[in-house]
Structures are given as structure tokens and as C-alpha cells.
Amino acid sequence: MGGAPSVDLNKTQLGAPPTADPNRTIMGTAPSLNVTTTIKPVQCPVCKSHNPPGLMYCNDCGLIFEKALDGDAFGAPAVQLPCLVETSGREHQLRPGTNVFGRQGDISVEDTRVSRKHAQVNLEGDTVTVEDLGSTNGTKVGGAMLPAGEKRAVNPGETVSFGGFEMTLSMPG
């Protein structure tokens with residue numbers, strides 16, 4: 001029975017042991033199997049959502065983290081659109097035209113106070129209007145209740161409450 005020593009195939013092997021003094025700090029180039037790397041979640045600077053580590057772009061707004069350019073690749077200025085800002089700081093960009101707000105809308109939030117298709121937010125030029133779509137908990141603009149089907153203009157910095165879920169209108173500049 002005195003054969004060759006058996007090798008445990010299930011044992012984790014990290015490569016050859018270091019040849020230098022193990023108590024000395026060694027400056028290397030790229031990470032290797034012998035180096036521990038810390039990976040942190042990334043918070044998007046645009047929409048403030050937290051993304052899992054290792055992604056090159058934001059899950060919510062699509063911003064490319066490592067390669068974002070000022071303006072676009074051809075030198076045109078960046079188009080800045082108005083947005084609705086949650087109390088947490090997360091921003092929801094408004095597209096020109098009609099934006100449906102709700103749990104299943106163009107602007108989607110996961111809050112039980114918000115109906116599936118709660119309200120309609122319209123962006124025409126520099127004017128933003130809100131219209132309640134017959135939601136269960138109602139919509140308030142600047143603290144005043146908005147009857148279903150009625151459109152009301154929202155001023156920059158004004159708070160809109162979608163069934164108690166509050167957002168503030170932010171205009172570019």
C-alpha cells in the first residue's frame with residue numbers, strides 16, 4: 001500500500017506559493033489568483049440607483065459608467081430633460097410627450113399607494129402637466145387635490161403626490 005501520495009481534487013488550489021518573503025508587501029500590476037479584490041456596488045450618478053458590482057452600465061437609465069462622455073461623441077451638447085425626483089434623490093427623466101406614471105407605467109415605481117396606471121405626465125416644450133387617470137389614492141399638485149381627468153401645470157420645484165408617494169419636478173439649468 002505504500003503508493004504515491006493521493007491528491008485531493010476537491011481542494012482549492014491558488015497556484016504556486018509566493019517565493020518572496022510572505023510578510024513583505026509586494027507591489028504588482030494586475031490582480032492575480034493570489035490577490036483579494038474588493039468589489040463594491042455602483043451608485044449611478046444620474047438616477048441614483050444602486051447597481052450590482054461589475055456592470056458597465058446602469059440597470060435603470062443605461063448610463064455607461066466607465067465610458068460616459070460629455071455631450072455626445074460628435075461634440076453636440078447633452079440634451080437635458082426635466083425629471084421627477086423622489087425624496088431619496090432618485091431621478092426619473094421625462095420624455096417629450098406623454099409619460100404614464102405608476103407601478104406599470106413609463107415612469108415605474110414600486111409603492112403600494114401608487115396605482116398600476118396612476119397618472120399621466122405630459123412634457124410639451126417647457127411645460128409639464130399632470131393628469132390623474134382615476135387612481136385609487138388620488139394625485140395632488142402643490143398640496144391641492146387633482147380631480148380625475150383634469151390637467152394641471154406643475155412649476156419647477158413643486159411637489160406632486162401620487163397617492164402619498166411624493167416627487168418634485170426638477171427642470172434643467
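Biologist: Why is Arg-95 called partly exposed?

Modeller: This is a predicted model, and the relative accessible area computed for Arg-95 is 43%. Buried means under 20% and exposed means over 50%, so Arg-95, at 43%, is classed as partly exposed.

Biologist: What makes the pair of Asp-106 and Arg-95 a salt bridge?

Modeller: The closest N and O atoms of Asp-106 and Arg-95 are 3.2 Å apart. The rule asks for a side-chain nitrogen of Lys or Arg within 4 Å of a carboxyl oxygen of Asp or Glu, so the pair of Asp-106 and Arg-95 qualifies. Asp-106 lies in the loop between strand 5 and strand 6 (107–108), and Arg-95 in the loop between strand 4 and strand 5, so the pair ties together parts that are eleven residues apart in sequence. Asp-106 is also partly exposed, with a relative accessible area of 46%.

Biologist: How many salt bridges does the rule give?

Modeller: The count comes to four. Among them is the one between the side chains of Asp-60 and Arg-90, at 2.8 Å from N to O. Because Asp-60 belongs to the loop between strand 2 and strand 3, and Arg-90 to the loop between strand 3 and strand 4 (91–93), this pair ties together parts that are 30 residues apart in sequence. Asp-60 has a relative accessible area of 45% and Arg-90 one of 24%; each is partly exposed.

Biologist: What are the labels for Asp-111 and Arg-113, which also meet in a salt bridge, and how do you know them?

Modeller: Their side chains meet at 3.0 Å, N to O. Asp-111 has a relative accessible area of 15%, and since buried means under 20%, Asp-111 is buried. Arg-113 has 36%, which lies between the limits of 20% and 50%, so Arg-113 is partly exposed.

Biologist: Why is the pair of Phe-101 and Phe-162 called stacked?

Modeller: A pair of aromatic rings is described by the distance of the centres and the angle of the planes. The structure holds one aromatic pair. In that pair, the ring centres of Phe-101 and Phe-162 are 3.8 Å apart and the planes stand at 25°. Centres within 6.5 Å make a pair and planes under 30 degrees apart count as stacked, so Phe-101 and Phe-162 meet both conditions. Phe-101 is part of strand 5 (residues 97–102) and Phe-162 of strand 12 (residues 159–162), so the pair ties together parts that are 61 residues apart in sequence. Both Phe-101 and Phe-162 are buried.

Biologist: How do you know whether Ser-135 is buried or exposed?

Modeller: Its relative accessible area is 13%. Buried means under 20%, so Ser-135 is buried. Ser-135 is located in the loop between strand 8 (127–132) and strand 9 (139–141).

Biologist: With which side chain does the side chain of Ser-135 make a polar contact, and what makes it one?

Modeller: The partner is the side chain of Asp-132, at 2.7 Å. The limit for a polar contact is 3.5 Å, so this distance falls within it. A polar atom of the Ser-135 side chain also lies 3.1 Å from the backbone nitrogen of Gly-138.

Biologist: What label does Met-56 receive, and why?

Modeller: Met-56 counts as partly exposed because its relative accessibility is 39%, between 20% and 50%. Together with Tyr-57 and Ile-64, Met-56 makes a nonpolar surface patch of about 280 Å².

Conventions
Residues are numbered from 1 along each chain as its sequence is written. This is a predicted model: local features need pLDDT of at least 70, side-chain atom pairs count only at pLDDT 80 or more; totals for chains, interfaces and linings use all residues. Side-chain values use heavy atoms; hydrogens and water are left out. Patches are made of residues with over 30% relative accessible area and no salt bridge: like charges are joined within 9 Å, nonpolar side chains (Val, Leu, Ile, Met, Phe, Trp, Tyr) within 5 Å. Accessible areas come from the Shrake-Rupley method with a 1.4 Å probe; for residues, only the protein chains shown count as cover. Buried means under 20% relative accessible area, exposed over 50%, partly exposed in between (1.4 Å probe, protein chains only). Rings of Phe, Tyr and Trp (its six-membered ring) pair if their centres lie within 6.5 Å; planes under 30 degrees apart count as stacked, over 60 as edge-to-face and the rest as tilted. Helices (H or I, at least four residues) and strands (E, at least two) are DSSP runs, numbered from the N terminus. A polar contact is a pair of N or O atoms within 3.5 Å; within protein, one must be able to donate a hydrogen and the other to accept it, and residues adjacent in sequence count only if both atoms are side-chain atoms.
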